[in-house]
Amino acid sequence: MSIEQQLLARSQHSCELCKATANLDLHAVAPYAADSAEHCALLCTTCQQELDAPQDQNHWRCLNDSMWSTEPAVQVLAWRTLKKLSPDQTWAQDLLDMLYLEPEVQEWAEIGQVDESADDEGEALFDSNGSRLAAGDTVTIIKDLDVKGAGFTAKRGTTVKNISLNTSLPGHIGGRVNGVQIQLAVQFLKKV
């Protein structure tokens with residue numbers, strides 16, 4: 001029996017990520033070649049096209065089911081896709097937090113993956129909801145904050161545009177509130 005026939009039987013003639021039944025093709029999971037069924041998955045055209053740069057957030061909600069597959073190749077693809085989605089999508093981060101991989105499968109999943117959790121200048125910053133913050137983002141203050149030395153209170157609901165991450169205080173961003181450049185703790189911010 002060929003590898004493709006094995007995958008068709010294993011997947012019951014559907015995409016192993018989204019369960020689509022049309023336009024299915026064999027996909028070798030890097031770094032392996034299509035040398036055995038255990039190193040491959042049967043995927044639809046949409047999944048194959050989106051794997052490198054997932055764009056359609058709604059399509060990838062299918063990972064909520066497929067991440068529980070018993071097939072290591074499918075687990076690796078689900079983990080990698082959730083990892084790519086998680087900086088911008090809290091639902092993807094939630095799924096990633098629930099996903100457990102055996103150590104050897106986790107090692108396989110991490111092969112060739114870029115660690116995006118750390119910036120060149122230091123550690124990544126996340127808002128109160130776990131969304132990653134980047135220079136230039138807009139955030140909202142979620143709690144009234146007394147601004148030391150400026151003589152005013154940064155009110156809850158205030159929008160801070162064009163934030164900077166280059167601050168001398170860990171866990172803080174720079175932004176302009178009431179015309180004054182201040183540093184704000186990320187736990188009191190929500191990305192807009």
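Is Tyr 32 buried, exposed or partly exposed, and what is its relative accessible area? Tyr 32 is partly exposed, at a relative accessible area of 34%, where buried means under 20%, exposed over 50% and partly exposed in between, with a 1.4 Å probe and protein chains only. The model is predicted, so local features need pLDDT of at least 70 and side-chain atom pairs count only at pLDDT 80 or more, while totals for chains, interfaces and linings use all residues. Residues are numbered from 1 along each chain as its sequence is written, and side-chain values use heavy atoms, with hydrogens and water left out.

A search of the whole structure finds one aromatic pair (ring centres within 6.5 Å, the six-membered ring being used for Trp; planes under 30 degrees apart are stacked, over 60 edge-to-face, the rest tilted). The ring centres of Tyr 32 and Trp 108 lie 5.1 Å apart with planes at 85°, so the pair is edge-to-face. Tyr 32 sits in the loop between strand S1 (24-28) and S2, and Trp 108 in helix H6, 76 residues apart (DSSP runs, H or I of at least four residues for helices and E of at least two for strands, numbered from the N terminus). Trp 108, in turn, is buried, with a relative accessible area of 8%.

In helix H5 (residues 90-98), the buried residues are Trp 91, Ala 92, Leu 95 and Leu 96. They cover an arc of only 140° around the axis, taken from the directions to the C-beta atoms, which puts them on the same side of H5. These buried residues pack against helix H3 (63-66) and helix H4 (72-85).

Note on methods:
Contact means heavy atoms within 4.5 Å.
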